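User: I would like to go through the helix packing and the cores of this model, with the reasoning behind each label. Please set the values against the definitions.

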Amino acid sequence: EAVTWFLQGAVNGSITSQTMLGHAWFYGWGVAVDLDRSAFWMQRAADAGDPKAQRDMGAYYWNGFGVPEDNVEALKWFLLAIEHYAPSEDESRRLATVDRDQLSENLSRSETAEARKRAQTWRAIPFVKTDKDLVSEAAVALRRDDYAKAARIYGPLAERGFAEAQT
(Lines give C-alpha, C1' and ligand atoms only; values in the text may rest on other atoms or scores of the structure.)
Protein backbone atom coordinates (compact mmCIF):
# COMPACT_ATOMS: atom_id res chain seq x y z
CA GLU A 1 0.00 0.00 0.00
CA ALA A 2 2.80 2.45 0.87
CA VAL A 3 4.41 1.86 -2.53
CA THR A 4 1.17 3.00 -4.19
CA TRP A 5 1.31 6.26 -2.24
CA PHE A 6 5.01 6.72 -2.98
CA LEU A 7 4.32 6.10 -6.67
CA GLN A 8 1.56 8.69 -6.72
CA GLY A 9 3.79 11.24 -5.02
CA ALA A 10 6.77 10.36 -7.23
CA VAL A 11 4.92 10.83 -10.51
CA ASN A 12 3.67 14.17 -9.20
CA GLY A 13 7.21 15.37 -8.51
CA SER A 14 7.70 14.65 -4.80
CA ILE A 15 11.43 14.19 -4.36
CA THR A 16 10.89 12.43 -1.02
CA SER A 17 8.49 9.99 -2.68
CA GLN A 18 10.95 9.39 -5.51
CA THR A 19 13.70 8.58 -3.00
CA MET A 20 11.42 6.33 -0.94
CA LEU A 21 10.23 4.52 -4.07
CA GLY A 22 13.86 3.98 -5.05
CA HIS A 23 14.52 2.50 -1.62
CA ALA A 24 11.38 0.33 -1.79
CA TRP A 25 12.56 -1.33 -5.00
CA PHE A 26 16.16 -1.55 -3.80
CA TYR A 27 15.32 -3.23 -0.48
CA GLY A 28 12.13 -5.02 -1.55
CA TRP A 29 9.83 -3.06 0.77
CA GLY A 30 6.39 -4.29 -0.30
CA VAL A 31 7.60 -5.09 -3.82
CA ALA A 32 10.08 -7.46 -5.43
CA VAL A 33 13.63 -6.11 -5.58
CA ASP A 34 14.09 -4.33 -8.92
CA LEU A 35 17.38 -2.45 -9.24
CA ASP A 36 16.43 -0.89 -12.58
CA ARG A 37 13.27 0.68 -11.15
CA SER A 38 15.14 1.65 -8.02
CA ALA A 39 17.82 3.42 -10.05
CA PHE A 40 15.19 5.15 -12.22
CA TRP A 41 13.46 6.79 -9.26
CA MET A 42 16.64 7.44 -7.31
CA GLN A 43 18.10 9.16 -10.39
CA ARG A 44 15.02 11.42 -10.62
CA ALA A 45 15.44 12.50 -6.99
CA ALA A 46 19.21 12.96 -7.40
CA ASP A 47 18.69 15.01 -10.55
CA ALA A 48 16.31 17.23 -8.60
CA GLY A 49 18.99 17.90 -5.96
CA ASP A 50 18.22 15.51 -3.10
CA PRO A 51 21.57 14.83 -1.35
CA LYS A 52 20.45 11.45 0.04
CA ALA A 53 19.54 10.30 -3.47
CA GLN A 54 22.79 11.79 -4.80
CA ARG A 55 24.79 9.72 -2.33
CA ASP A 56 22.74 6.66 -3.25
CA MET A 57 23.38 7.28 -6.96
CA GLY A 58 27.09 7.43 -6.16
CA ALA A 59 26.77 3.96 -4.63
CA TYR A 60 24.64 2.72 -7.54
CA TYR A 61 27.23 3.82 -10.11
CA TRP A 62 30.11 2.55 -7.98
CA ASN A 63 28.55 -0.92 -7.71
CA GLY A 64 26.51 -1.11 -10.93
CA PHE A 65 23.14 -1.27 -9.14
CA GLY A 66 20.59 -0.74 -11.93
CA VAL A 67 23.04 1.42 -13.91
CA PRO A 68 26.32 0.66 -15.67
CA GLU A 69 29.29 0.68 -13.31
CA ASP A 70 31.00 4.06 -13.72
CA ASN A 71 33.41 5.29 -11.05
CA VAL A 72 33.73 8.79 -12.51
CA GLU A 73 29.94 9.22 -12.40
CA ALA A 74 29.89 7.73 -8.90
CA LEU A 75 32.45 10.27 -7.69
CA LYS A 76 30.44 13.09 -9.25
CA TRP A 77 27.38 12.07 -7.23
CA PHE A 78 29.35 11.74 -3.97
CA LEU A 79 30.80 15.22 -4.52
CA LEU A 80 27.33 16.65 -5.13
CA ALA A 81 25.89 14.95 -2.05
CA ILE A 82 28.66 16.38 0.13
CA GLU A 83 27.94 19.84 -1.29
CA HIS A 84 24.14 19.63 -0.90
CA TYR A 85 23.72 18.13 2.58
CA ALA A 86 22.33 20.68 5.04
CA PRO A 87 24.54 21.81 7.95
CA SER A 88 22.37 19.71 10.28
CA GLU A 89 23.25 16.56 8.29
CA ASP A 90 26.87 16.28 9.43
CA GLU A 91 26.83 12.48 9.80
CA SER A 92 25.40 11.99 6.31
CA ARG A 93 28.01 14.37 4.90
CA ARG A 94 30.73 12.47 6.77
CA LEU A 95 29.56 9.14 5.29
CA ALA A 96 29.47 10.59 1.77
CA THR A 97 33.00 11.92 2.38
CA VAL A 98 34.16 8.43 3.40
CA ASP A 99 32.60 7.03 0.20
CA ARG A 100 34.30 9.75 -1.86
CA ASP A 101 37.68 9.07 -0.28
CA GLN A 102 37.47 5.29 -0.69
CA LEU A 103 36.43 5.57 -4.33
CA SER A 104 39.05 8.23 -5.09
CA GLU A 105 41.87 5.88 -4.01
CA ASN A 106 41.24 3.86 -7.19
CA LEU A 107 40.85 6.73 -9.66
CA SER A 108 43.48 8.42 -11.77
CA ARG A 109 44.02 12.17 -11.62
CA SER A 110 42.27 12.60 -14.96
CA GLU A 111 39.24 10.57 -13.77
CA THR A 112 39.06 12.63 -10.58
CA ALA A 113 39.32 15.84 -12.60
CA GLU A 114 36.53 14.67 -14.92
CA ALA A 115 34.27 13.84 -11.97
CA ARG A 116 34.91 17.28 -10.45
CA LYS A 117 34.17 18.93 -13.80
CA ARG A 118 30.87 17.02 -14.07
CA ALA A 119 29.95 18.03 -10.51
CA GLN A 120 30.78 21.69 -11.15
CA THR A 121 28.68 21.84 -14.33
CA TRP A 122 25.73 19.90 -12.83
CA ARG A 123 22.44 21.74 -12.46
CA ALA A 124 19.24 20.46 -10.89
CA ILE A 125 16.77 19.25 -13.48
CA PRO A 126 13.23 20.50 -12.93
CA PHE A 127 10.65 17.73 -12.73
CA VAL A 128 8.75 17.16 -15.96
CA LYS A 129 6.32 14.27 -16.27
CA THR A 130 7.27 11.81 -19.00
CA ASP A 131 4.86 9.46 -20.77
CA LYS A 132 6.07 6.66 -18.49
CA ASP A 133 5.30 8.83 -15.45
CA LEU A 134 1.80 9.41 -16.78
CA VAL A 135 1.27 5.67 -17.38
CA SER A 136 2.35 5.03 -13.77
CA GLU A 137 -0.07 7.71 -12.56
CA ALA A 138 -2.88 6.14 -14.58
CA ALA A 139 -2.05 2.71 -13.11
CA VAL A 140 -2.38 4.16 -9.61
CA ALA A 141 -5.76 5.64 -10.58
CA LEU A 142 -6.92 2.25 -11.88
CA ARG A 143 -5.86 0.53 -8.64
CA ARG A 144 -8.06 3.03 -6.82
CA ASP A 145 -10.96 2.40 -9.23
CA ASP A 146 -10.72 6.01 -10.45
CA TYR A 147 -11.51 5.13 -14.05
CA ALA A 148 -12.32 8.70 -15.04
CA LYS A 149 -8.86 9.93 -14.04
CA ALA A 150 -7.18 6.97 -15.78
CA ALA A 151 -9.13 7.71 -18.96
CA ARG A 152 -8.13 11.42 -18.83
CA ILE A 153 -4.49 10.34 -18.66
CA TYR A 154 -4.56 7.44 -21.11
CA GLY A 155 -6.62 9.26 -23.78
CA PRO A 156 -3.99 11.81 -24.88
CA LEU A 157 -1.22 9.22 -24.57
CA ALA A 158 -3.08 6.78 -26.81
CA GLU A 159 -3.77 9.52 -29.35
CA ARG A 160 -0.02 10.27 -29.48
CA GLY A 161 0.58 6.57 -30.18
CA PHE A 162 2.08 5.60 -26.81
CA ALA A 163 1.68 1.80 -26.93
CA GLU A 164 1.22 1.22 -23.18
CA ALA A 165 -1.81 3.51 -23.21
CA GLN A 166 -3.46 1.66 -26.09
CA THR A 167 -4.08 -1.65 -24.31
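User: Is the crossing of H5 and H6 left-handed or right-handed?

Analyst: This is a predicted model. The crossing of H5 and H6 is left-handed.

User: Why are H5 and H6 called roughly antiparallel to each other?

Analyst: The axes of H5 and helix H6 (residues 90-104) cross at roughly 155 degrees. Angles over 145 degrees count as roughly antiparallel, and H5 and H6 are therefore roughly antiparallel to each other. Their axes come within 9 Å.

User: Which residues make the contact of H5 with H6?

Analyst: From H5 they are Asn71, Ala74, Leu75, Phe78, Leu79, Ala81 and Ile82. H6 brings Arg93, Ala96, Thr97, Asp99, Arg100, Leu103 and Ser104. By class, the contact of H5 with H6 has eight nonpolar, three polar and three charged residues.

User: What makes up the largest nonpolar core?

Analyst: The largest nonpolar core has 21 residues. Those with the most contacts inside it are Met57, Tyr60, Tyr61, Val67, Leu75, Trp77 and Leu103. At least two residues of this core come from each of helix H3 (35-47), helix H4 (51-63), helix H5 (71-84) and helix H7 (109-121). H5 gives the most, with seven residues.

User: Which residues does Tyr60 touch, not counting residues up to four places away in sequence?

Analyst: Tyr60 touches Gly22, Phe26, Ser38, Ala39, Met42, Phe65 and Val67 on that count.

User: How many residues are in the second, separate core?

Analyst: The second core has nine residues, among them Val3, Leu7, Val11 and Trp41.

Methods
Residues numbered from 1 in each chain as written. Predicted model: local features only at pLDDT ≥ 70, side-chain atom pairs only at ≥ 80, totals over all residues. Heavy atoms only, no water. Core = buried A, V, L, I, M, F, W, Y, C linked by side-chain atoms within 4.5 Å. Buried < 20%, exposed > 50% of the residue type's maximum accessible area, 1.4 Å probe, protein only. Helix = DSSP H or I, 4+ residues; strand = E, 2+ residues; numbered from the N terminus. Contact = heavy atoms within 4.5 Å. Axes fitted to C-alpha atoms, helices over the stretch in contact; angles between N-to-C directions. Parallel < 35°, antiparallel > 145°, perpendicular 65-115°, else oblique. Left-handed = near helix turned anticlockwise from the far one by under 90°. Nonpolar A, V, L, I, M, F, W, Y, C, P; charged D, E, K, R; others polar.
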